[in-house]
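Please read this briefing alongside the sequence and the model.

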Amino acid sequence: MSKLKLKIEIQRYARKTVLQNIHQEYTKGLIHGFLGENGSGKTTLFNCMSGILSFTGSLFFSETDNFGYLPTELFMFPMITGNEFLHFFVAAKDQKMKKPELQQLNELFELPLNEYADQYSTGMLKKLYLLGLLLQHNEILLLDEPFNGLDFKLVALVTALLSHFREKGGTVFVASHDIEHLFSFSDTLSVLQNRNLSHYPDKESFNRLKTEIIEEAKRKVGILPFV
C-alpha cells in the first residue's frame, strides 16, 4: 500500500523550537490517531501537515493528494447561511454541489442550512465543516479535535462515518484528547511529546501504552497524603 511520509526537521515560533526530527511514514487507507498533552504542539503539527505553517522539511501531501482539513478553531463568515457556506466550500475544490448527496448527508447531521451559520452553536458549526469535507469527496481527512463540542450521539455518528470512510479506501489523521475513544477506532497511534513523535503501529502496542499511562496516573495519585 502507498505511504505518506511526514518529515519535519524543525519548526519554530520565534526562538522556541516546537517540533524537531519528526520522520514517520503512514499507510494510506487507515485511521491514524494522534495524542499529545496540552501545549505539546498537536495543532502546530497538524498545521504543518496541512501546509498552513512553514517548517524545515518536506510537505506531507503531494499535489495529487486530495485532502481536507478540519482545524481546532473554526471560522464562519457573518450573514451567510449554512447552505451558502457549503456551496462555497465545494466550489473551492472546483466541484459542483450534488443536492441529493447534500440532502442525504444532512439527514444524518440535521443542520438548519437555511439559517445564518454564524449563529450556530460550536457543535453545529463543527458538523457543518465535517459535512463540507465529505461533500468535497476528499481522499484524505486531517481532523484536529473533531469531537470537541459534539454530544455523545454525534460522537458515535462521526466515529461511524470515519470508519465507513476508511472502509471505502479513505485515509484519516485525527487528533483527540479522549484516549479511550481514540484507541477504540484508530489503526495506528502517534504520541507527540518533547517535540517529537512516538509511533505505535497496532492494537497490541496501544494496550501497552494505555497500561503505562494508567499505572503512571495511579502512582501519582498514590503519593497524595489526603486521598
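This is a predicted model: local features need pLDDT of at least 70, side-chain atom pairs count only at pLDDT 80 or more; totals for chains, interfaces and linings use all residues.

Residues are numbered from 1 along each chain as its sequence is written, and side-chain values use heavy atoms, with hydrogens and water left out.

**Helix H4**

- Helix H4 covers residues 122-135, 14 residues in total; helices (H or I, at least four residues) and strands (E, at least two) are DSSP runs, numbered from the N terminus.
- From first to last C-alpha, H4 reaches 20 Å, close to the 20 Å expected at 1.5 Å a residue; the expected span is 1.5 Å times one less than the number of residues.
- Eleven of the 14 residues of H4 are buried, so the helix is largely enclosed by the rest of the structure; buried means under 20% relative accessible area, exposed over 50%, and partly exposed in between (1.4 Å probe, protein chains only).
- The buried residues of H4 include Lys 126, Lys 127, Tyr 129 and Leu 130.
- These buried residues pack against strands S5 (67-70) and S6 (140-144) and against helices H2 (82-91), H3 (99-109) and H5 (152-167); contact means heavy atoms within 4.5 Å.

**Hairpin S1-S2**

- Strands S1 (residues 3-13) and S2 (residues 16-27) pair in the antiparallel sense over ten bridges; two strands pair if DSSP finds at least two bridges between them.
- Two residues lie between S1 and S2 in this hairpin, and Ala 14 in the turn takes a positive phi of about 55°.
- Ile 10 has Gln 20 in S2 as its bridge partner.
- Glu 9, in strand S1, is partly exposed, with a relative accessible area of 27%.
- Leaving aside neighbours within four places in sequence, the contacts of Glu 9 are Leu 19, Gln 20, Asn 21, His 23, Thr 56 and Gly 57.

**Largest pocket**

- The largest pocket has a volume of about 410 Å³.
- Among its 14 lining residues, Leu 35, Glu 37, Val 191, Gln 193 and Ile 213 are the closest to its centre.
- Strands S3 (31-36), S8 (188-193) and S9 (196-200) and helix H7 (203-222) each give two or more residues to this lining, and H7 has the largest share, with four.
- Terms: on a 1 Å grid over the protein atoms alone, a cavity is a set of points where a 1.4 Å probe fits but cannot get out, and a pocket is an open set with protein on both sides within 12 Å along at least five of seven lines; lining residues have an atom within 4 Å of a point.
- Grid points are joined across faces, edges and corners, and a volume is the space filled by probe spheres set on the points.

**Largest cavity**

- The whole structure holds one cavity of 30 Å³ or more, and the largest cavity has a volume of about 70 Å³.
- Its lining consists of Phe 109, Leu 130, Leu 133, Leu 134, Leu 141, Val 158, Leu 161 and Leu 162.
- H4 and H5 each supply at least two of the lining residues.

**Ser 186**

- Ser 186 sits in the loop between helix H6 (179-185) and S8 and is buried, with a relative accessible area of 1%.
- Not counting residues up to four places away in sequence, Ser 186 touches Ile 31, Gly 33, Lys 203 and Phe 206.
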